[in-house]
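Please walk through this structure chain by chain, with the coordinates open alongside the text.

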Amino acid sequence: MPSLTIDGKAVDVPVGTTIINAAEKIGIEIPRYCYHKHLSVAGNCRMCLVEVEKFPKLQTACSTVVTDGMVVRTDTEKVRKAVTGVLEFLLINHPIDCPICDQAGECELQNYYMKFGLHKSRFALEDKVRKKKVQDIGGQIVLDAERCILCSRCVRFLEEVTGTRELQFFRRGDHSEISVFPGRPLNNNYTGNLADICPVGALTSKDFRFKCRVWFLKAFPSVCTGCARGCNVEAFFKGDILYRYKPRVNEAVNRAWMCDFGRLEYKKANNARLLVPFVREDGREKMMSWGGLLPQVAYRLKDAVEREGPDAAAVIASPQSSNEELYLVRRIASDLLGTKNLAFTSRVPGDGFSDGFLIRGDKNPNSRGAQLLRIPGGPAFDELVVKIAAGKVRALLLFGDVLGDLTQEETAGLLSMVPFVAQAGTNEGPVSAVATAVLPIASVAERGGTFTNHAGRVQRFHAGFPPRGKAKDTIGFLTSLANRLGAGWAFDGEASVFRALAATEGPFAGMSYESIGSLGQEAKG
Amino acid sequence: MSVAFSDAGRKEFERLLARYPEKEAVILPALHLVQKEFGYVSDEAIVYIAGLLSVAPAQIEGVATFYTMYNRKPVGKYHVQVCRNLSCSLMGAEHLIGHLSRKLGIEPGETTPDGKFTLSEVECLGSCGTAPVMQVNDEYHENLTEESIDAVLDGLP
Amino acid sequence: METVLTTHFADERYRFIDTYRGFGGYEALRKAISMPRDAIVEEVRKANLRGRGGAGFPAGVKWGFLPKDMSRPRVLVVNADEGEPGTFKDRRIMSRAPHLLVEGLAIACYALTIHKAYIYIRGEFVREAGILDEAVSEAYASGFLGKDILGSGFDLDVTVHRGAGAYICGEETSTLNSLEGKRGWPRLKPPFPATIGAFGLPTIVNNVETLSDVPWIITHGGERFAALGCEKNGGTRLVGVSGPVQRPGIYELPADVNLRHVIYDVAGGLRDGKKLKAVIPGGSSTPVLRADEIDVNFDIESMAKLGTMAGTSGVIVIPEGTCMVRALRVLMNFYAHESCGQCTPCREGTGWLRKVVGRIEAGEGRPRDIELILDLCDNMMGRTICALADAAAMPAQSFLWKFREEFDRHIRDRKCPYGNRF
Ligand SMILES: Cc1cc2nc3c(=O)[nH]c(=O)nc-3n(C[C@H](O)[C@H](O)[C@H](O)COP(=O)(O)O)c2cc1C
Ligand code: SF4
Ligand code: SF4
Ligand code: SF4
Ligand code: FES
Ligand code: FES
């Protein structure tokens with residue numbers, strides 16, 4: 001294990017570590033543009049130059065592997081001059097249109113030239129090399145070639161991560177320009193990442209374009225609900241509106257990336273939300289208060305059980321629910337209603353597209369959690385559907401916004417066989433269009449909990465802001481419902497549920513929110 | 001418009017493929033071949049080569065535009081390329097470029113309206129000891145004077 | 001003086017294998033094949049042969065960098081990209097004596113157990129590529145290349161690969177990328193080519209002239225070759241003289257020949273009664289010398305003492321009456337045009353230098369432009385992946401240092417005293 005000193009601080013690092021990462025370990029951030037932890041080292045921007053004792057020339061920290069006894073300085077006059085020199089070189093052909101640039105606020109060019117106190121370029125503005133401005137290059141991306149600092153991160157991403165190579169440098173010298181080949185736009189499912197890795201405003205998100213200045217946004221850690229991968233994300237919001245997802249680094253799950261479908265998943269928390277409880281009577285929707293509706297739901301479920309036996313009630317759980325929620329749902333079904341009619345399905349409308357990379361065929365974040373919590377899936381769901389179709393179910397508590405892969409008509413037809421259908425959902429859809437009672441619950445941005453991804457990794461998501469409208473946190477709602485069914489639960493928030501769950505559910509034994517941390521933990525089995 | 005190599009070109013391409021351990025290595029020779037067969041490297045030709053080598057067209061374009069010998073636009077039947085670097089300049093290259101410009105009625109970078117000549121200034125051709133130098137298509141002409149330039153150009157069919 | 005390379009250059013037929021063999025060609029290869037491989041490398045080491053591509057790295061030492069373990073096949077790449085302004089020696093070897101190169105590379109490959117060699121020749125050299133192709137075919141037909149060379153069981157395959165117009169592809173790692181069909185971006189080092197080179201394999205890159213010296217070394221012995229040169233650089237060099245001298249051209253001279261002697265005796269001095277103003281001694285990238293600085297020997301060390309370099313030994317002679325600002329502008333155009341564009345300081349620096357020198361020449365220079373140029377050079381040098389940034393900055397600095405008053409005058413008078421012409 002080589003040990004070295006950087007700016008006088010000693011650090012030990014594994015063999016093969018580069019200076020830039022050794023420095024990071026002791027909290028020294030060496031400026032960089034081309035370096036990206038999840039891509040190969042290009043060493044071309046020359047921002048990360050540092051002094052290394054015994055080397056006459058400055059060395060690039062991103063590519064220089066440390067040796068034992070190395071003495072590195074990042075804070076000398078020589079280094080400062082080199083770095084400001086590079087910044088100045090970058091600025092001479094840069095349009096500096098920050099006021100109209102979406103990247104402003106998270107631009108590495110802006111950040112560094114403020115940090116290094118660079119004010120004005122010595123170069124006459126009039127003879128900058130001009131390149132193409134705003135260009136839709138496909139996928140989720142707009143390109144402004146003039147702002148590009150030619151760091152080659154995007155080129156390496158498309159070579160090393162997607163293998164699709166749509167973006168390339170054309171020409172050479174100071175006429176080098178990043179672009180796609182005419183008529184060959186970006187054609188992969190991970191284009192959104194390009195806007196994340198581009199250190200400047202050359203590649204920006206079409207979706208986010210001009211929507212909001214980044215400094216007005218706050219962020220919280222979350223997990224994408226678009227598929228069973230459970231990519232770790234940072235969710236950005238203002239007020240009670242989500243503006244975007246960006247991937248959060250998790251080497252075990254999504255490294256630094258996420259797919260384009262998942263990136264737009266945030267929209268579900270904003271649009272077509274179910275925001276008030278209501279009942280449907282004679283085809284008309286009637287708004288209700290939670291206080292008015294919840295007892296009715298409890299009553300109808302209990303009533304069905306009491307009149308026609310426990311199997312007249314049924315519960316359809318959702319793989320969109322958290323582990324905590326599913327645990328409570330199972331207990332409501334099995335312990336309180338005593339019904340055998342509990343099932344879930346991972347099927348959703350659509351083709352279940354998957355690739356060998358991140359995107360999973362299962363479009364739910366928590367099918368694995370449902371399995372581990374012993375909620376019957378697969379054939380059990382189909383059997384329940386048969387029972388419902390045969391008119392054997394008198395009261396149904398249904399979670400989620402869709403009923404497997406059934407179409408709107410099929411859903412309506414099936415649910416018309418049940419006299420009372422209570423839906424706990426987040427968004428308008430085939431189920432809310434026909435359910436007898438609709439209980440609006442908090443979106444993934446408005447509640448907390450854990451999902452278990454396809455590989456059995458339990459990951460936490462957090463509430464960024466309180467539920468919109470009259471939507472309710474699911475844990476609270478399930479607890480009230482259970483108590484109306486005679487449970488006597490005292491759960492207070494998802495943490496308390498997780499503690500209970502970890503105490504009784506084998507796969508989660510010994511886990512806690514602390515041990516899960518921000519990067520998740522594997523469940524057993 | 002679609003392009004395809006002639007039979008001979010196709011054969012040459014196959015021969016090239018067999019000569020290198022990786023198919024990408026054929027990109028440069030293939031672009032030379034394209035230029036030989038079609039006179040310049042069109043967008044269609046890039047897509048064609050990309051298809052033959054199963055690589056992204058952008059990759060071919062990146063290579064094609066890096067190297068100055070690949071013409072991404074059509075050039076005249078004769079591409080007159082005059083060295084403007086130091087040794088040639090010291091021996092009168094600028095004067096000769098002026099002469100060529102007047103003679104052909106075009107500026108460097110332009111093609112005569114009849115499509116016969118394109119005039120270009122290029123960097124050192126590696127022939128500094130016989131400066132000034134120009135290259136007409138593949139052929140070098142050295143120790144140039146106004147008279148020798150006239151003789152060369154006037155002799156072209 | 002004894003010559004190594006040019007002895008038979010005058011013979012038009014020397015480029016054909018029969019004539020070449022008539023003068024004893026390929027006997028060195030035959031001899032080499034009878035020698036232990038290490039002994040060949042040792043001979044080259046004793047020859048004190050330093051790379052003729054510009055950097056002057058000892059060839060024998062470089063050959064020793066190949067990994068000892070033979071599990072991965074190795075590659076030889078001949079650098080025939082010759083593009084440094086003022087340099088035209090390799091082209092001469094290839095057109096006059098292609099078999100010298102072929103024999104030299106075959107010996108090198110045999111010594112280093114290399115079965116695949118590429119000759120990377122600059123794209124413009126269409127004629128020379130044709131000559132090389134023919135020479136290679138002749139060598140195959142005569143059993144000097146191909147399978148089981150001269151019955152030794154040693155196989156060697158040679159491919160002539162043409163570049164396509166990019167000076168930077170002479171930088172050896174750019175050569176490798178270009179050979180692999182990529183944009184000619186130089187690679188970060190380490191890893192060096194000897195470890196990871198062409199197609200990921202251990203690779204030796206040598207200049208045409210370097211390898212062409214090898215047959216003579218094998219025939220006559222390394223010590224004798226070393227004795228032709230000086231202490232730190234054995235053998236002869238092909239010195240190219242260009243510019244308005246009586247006899248421009250390529251001359252084979254001892255590695256430590258005197259520069260004044262080259263210009264005034266060998267090349268016959270300046271034409272038309274012109275006076276000498278400046279000399280760029282080793283290709284356009286090497287710092288310029290004033291007329292009063294040319295009493296210097298061409299060896300690497302003496303040149304270094306003067307703050308310049310022997311480089312590619314391409315001597316550019318600049319006469320009185322030449323505008324040094326214009327001359328520098330021509331060079332700055334070149335480097336800006338040839339920068340591969342990947343490193344920020346080189347990409348932007350070369351472009352910026354071109355613009356600033358250009359405006360001075362056009363009479364639009366600003367009072368602080370000289371300071372600006374020097375500062376830009378400082379920010380470029382030693383800060384990049386390859387030496388092109390330095391290659392651009394060195395002439396810029398040296399022109400300013402040595403001919404400062406011409407630059408000042410352009411800026412002060414807002415015009416070119418030479419009338420913006422050569
Ligand atoms: C910008 C640049 C251009 C170069 N061009 C050439 C060239 O055209 N031919 C050449 O042999 N070496 C050239 N070199 C030097 C090569 O990198 C390398 O040192 C050389 O080919 C090694 O061969 P040698 O040791 O036999 O000289 C160039 C170097 C740089 C930095
Ligand atoms: S577009 Fe962005 S990521 Fe790509 S090279 Fe330019 S600055 Fe780098
Ligand atoms: S791969 Fe799945 S989890 Fe990851 S971003 Fe895409 S949809 Fe979301
Ligand atoms: S120094 Fe210039 S030519 Fe060399 S790698 Fe960097 S940008 Fe390319
Ligand atoms: S971060 Fe090291 S050179 Fe770009
Ligand atoms: S300068 Fe013109 S050929 Fe070299």
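How many Å separate the centres of domain 1 of chain B and domain 2 of chain B, taken over C-alpha atoms? The separation is 29 Å. Domain 1 covers residues 7-66 and domain 2 covers residues 78-154 of chain B, with bounds that come from an automatic or database domain assignment.

This is a predicted model, in which local features need pLDDT of at least 70, side-chain atom pairs count only at pLDDT 80 or more, and totals for chains, interfaces and linings use all residues. Residues are numbered from 1 along each chain as its sequence is written, chains are lettered from A and ligands numbered from 1 in the order in which they are written, and side-chain values use heavy atoms, with hydrogens and water left out.

Chain B contains 7 helices and 4 strands; helices (H or I, at least four residues) and strands (E, at least two) are DSSP runs, numbered from the N terminus. Read from the N terminus, the order of elements is α-α-α-α-β-α-α-β-β-β-α. Along the principal axes, the C-alpha atoms of chain B fill a box of roughly 50 × 35 × 25 Å. Of the 157 residues in chain B, 57% are buried, where buried means under 20% relative accessible area, exposed over 50%, and partly exposed in between (1.4 Å probe, protein chains only). Contact means heavy atoms within 4.5 Å. Among the contacts in chain B between residues at least 6 apart in sequence, 62% join residues at least 24 apart.

Chain C is divided into three parts: domain 1 (6-227), domain 2 (236-319) and domain 3 (324-413). The C-alpha centres of domain 1 and domain 2 of chain C are 27 Å apart. Across this pair, 18 residues of domain 1 of chain C are in contact with 21 residues of domain 2 of chain C.

A residue that links chain C to chain B is C:Arg122, found in the loop between β2 (116-121) and α7 (126-141) of chain C. Why does C:Arg122 count as buried? C:Arg122 counts as buried because its relative accessibility is 6%. Its side chain reaches the backbone oxygen of B:Cys124 at 2.9 Å and the backbone oxygen of C:Glu82 at 3.0 Å. Both are polar contacts (a pair of N or O atoms within 3.5 Å; within protein, one must be able to donate a hydrogen and the other to accept it, and residues adjacent in sequence count only if both atoms are side-chain atoms). Not counting residues up to four places away in sequence, C:Arg122 also touches others, including B:Leu125, B:Gly126 and C:Gly163.

Chain C also provides the nearest residues around ligand 1: of 19 residues, C:Gly53, C:Asn79, C:Asn206, C:Asn207 and C:Thr210 come nearest, where a residue is near if one of its heavy atoms lies within 4 Å. Oxygen atoms of ligand 1 lie 2.9 Å from a side-chain N or O atom of C:Asn79 and 2.7 Å from one of C:Asn207. The shell divides into 5 nonpolar, 8 polar and 6 charged residues.

Around ligand 2 there are 13 residues, the closest being A:Cys148, A:Cys151, A:Ser152, A:Cys154 and A:Cys198. This shell divides into 11 nonpolar, 1 polar and 1 charged. In both shells, Ala, Val, Leu, Ile, Met, Phe, Trp, Tyr, Cys and Pro count as nonpolar, Asp, Glu, Lys and Arg as charged, and the others, Gly among them, as polar.
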